[in-house]
Amino acid sequence: THQWRGIIEEYRDRLPVTDTTPVVTLGEGGTPLVPAQVLSERTGCEVRLKVEGANPTGSFKDRGMTMAITRAKEEGAQAVICASTGNTSASAAAYAVRAGMVCAVLVPQGKIALGKMGQALVYGSRILQVDGNFDDCLNLARRLSENYPVALVNSVNPYRIEGQKTAAFEIVDALGDAPDIHVLPVGNAGNITAYWKGYKEYAADKMSTHTPRMWGFQASGSAPIVRGEIVKDPSTIATAIRIGNPASWQQALAARDESGGFIDEVTDREILRAYRLLAAQEGVFVEPASAASVAGLLKAAEQGKVDPGQRIVCTVTGNGLKDPDWAVAGAPQPVTVPVDAVAAAEQLGLA
Ligand code: F0G
């Protein structure tokens, strides 16, 4: 049989586990790498989408969380904690259930999408809404993990990066080599760090002939890496990446510079345009933060930075169902009809 076994079993020899490690998994990874027809036409390149919303809790965080919770379990932890803009907390809560652990989550008050709050609640985590932003939540989570018996599972936990690097392996395995360019949204900067580590490891072991250039995109109102300074009051409709002081800032700069890439910003308007294009023209429904990668690719193409004929992969990080408000907002209200075929056909323009 060919049932995908989760990233730890699939990439066991490249991850920090032993034969006796108690693997905590929900079958994460093995996500689709979907050819993007419209984006390919617009850029003259071969563009593919790595659809991470297909993971068990609907985001790429599951790759890191299976590894972090597995190692926390192995080390005897009974409780885990994280700060989150919503996806990390959803993932931590789910894997903590599988591991029989308590999960505490700290989220910025009023700034996480409803679907993500619903996940943290239904998985039974202990949620605190903090009167502050994500950066405040992370500081608080760090302090709690230093002073109380609770393990921190944010991406400052190195096992998170280990798990998340497997997305790069999957892409090389699927394409037969690394892409020329890899594009992704940047928030706390753990994921760009993880992909770059994965691509470097595969290239070092001759699993690919080269590494891609890493292109990262932040939201304009939350672009500390682009600006070169902490953003005290970050803002963007892409709440997942509403972060003013990324924990993996230096690692993101290293990924950018070692790969010959760049980190730029996209406006909320550009993000929403890419969000709608992805759904309406590629059939891929993502959350707004995820569309930052595609918005960035389109911006770069308009600036003439994209030479035709290249292989490009855009990671779309989270499922559109997490934050459906943006799908409904601004869309026309559906028409109500009686139970009548003629009336329905008229409304549909079939008659
Ligand atoms: N896209 C989504 C959907 C995210 O949830 C995040 C981060 C990112 C992109 C950025 O990834 O932080 O590794 O650079 N979400 C974190 C959270 C902060 O708490 O769920 P990054």
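## Basis of the model

The model is predicted, and local features need pLDDT of at least 70, side-chain atom pairs count only at pLDDT 80 or more, and totals for chains, interfaces and linings use all residues. Residues are numbered from 1 along each chain as its sequence is written, and side-chain values use heavy atoms, with hydrogens and water left out.

## Around the ligand

The ligand is surrounded by 19 residues, where a residue counts as near if one of its heavy atoms lies within 4 Å. S84, G187, N188, A189 and T317 are the closest. The shell holds seven nonpolar, ten polar and two charged residues. Here Ala, Val, Leu, Ile, Met, Phe, Trp, Tyr, Cys and Pro count as nonpolar, Asp, Glu, Lys and Arg as charged, and the others, Gly among them, as polar.

A polar side-chain atom of T317 is 2.6 Å from a nitrogen atom of the ligand. Polar backbone atoms also take part: that of N191 is 2.8 Å from a ligand oxygen atom, and that of G190 is 3.1 Å from a ligand oxygen atom. On its own the ligand has 470 Å² of accessible area, and the protein covers 99% of that (Shrake-Rupley method, 1.4 Å probe).

## The largest cavity

A cavity is a set of points, on a 1 Å grid over the protein atoms alone, where a 1.4 Å probe fits but cannot get out; lining residues have an atom within 4 Å of a point. The count comes to one cavity of 30 Å³ or more. The largest cavity holds about 320 Å³ of space, the volume being what probe spheres set on the points fill. Of its 27 lining residues, F60, K61, G187, N188 and A240 are closest to the centre.

The ligand takes up the space of this cavity (more than half of its atoms lie within 2 Å of the grid points). α9 gives the most to the lining, with three residues.

## The largest pocket

A pocket is an open set of points with protein on both sides within 12 Å along at least five of seven lines. The largest pocket holds about 220 Å³ of space. Its lining has five nonpolar, one polar and five charged residues.

Note on methods
Polar contact = N/O pair within 3.5 Å; in protein donor to acceptor, adjacent residues only side chain to side chain. Helix = DSSP H or I, 4+ residues; strand = E, 2+ residues; numbered from the N terminus.
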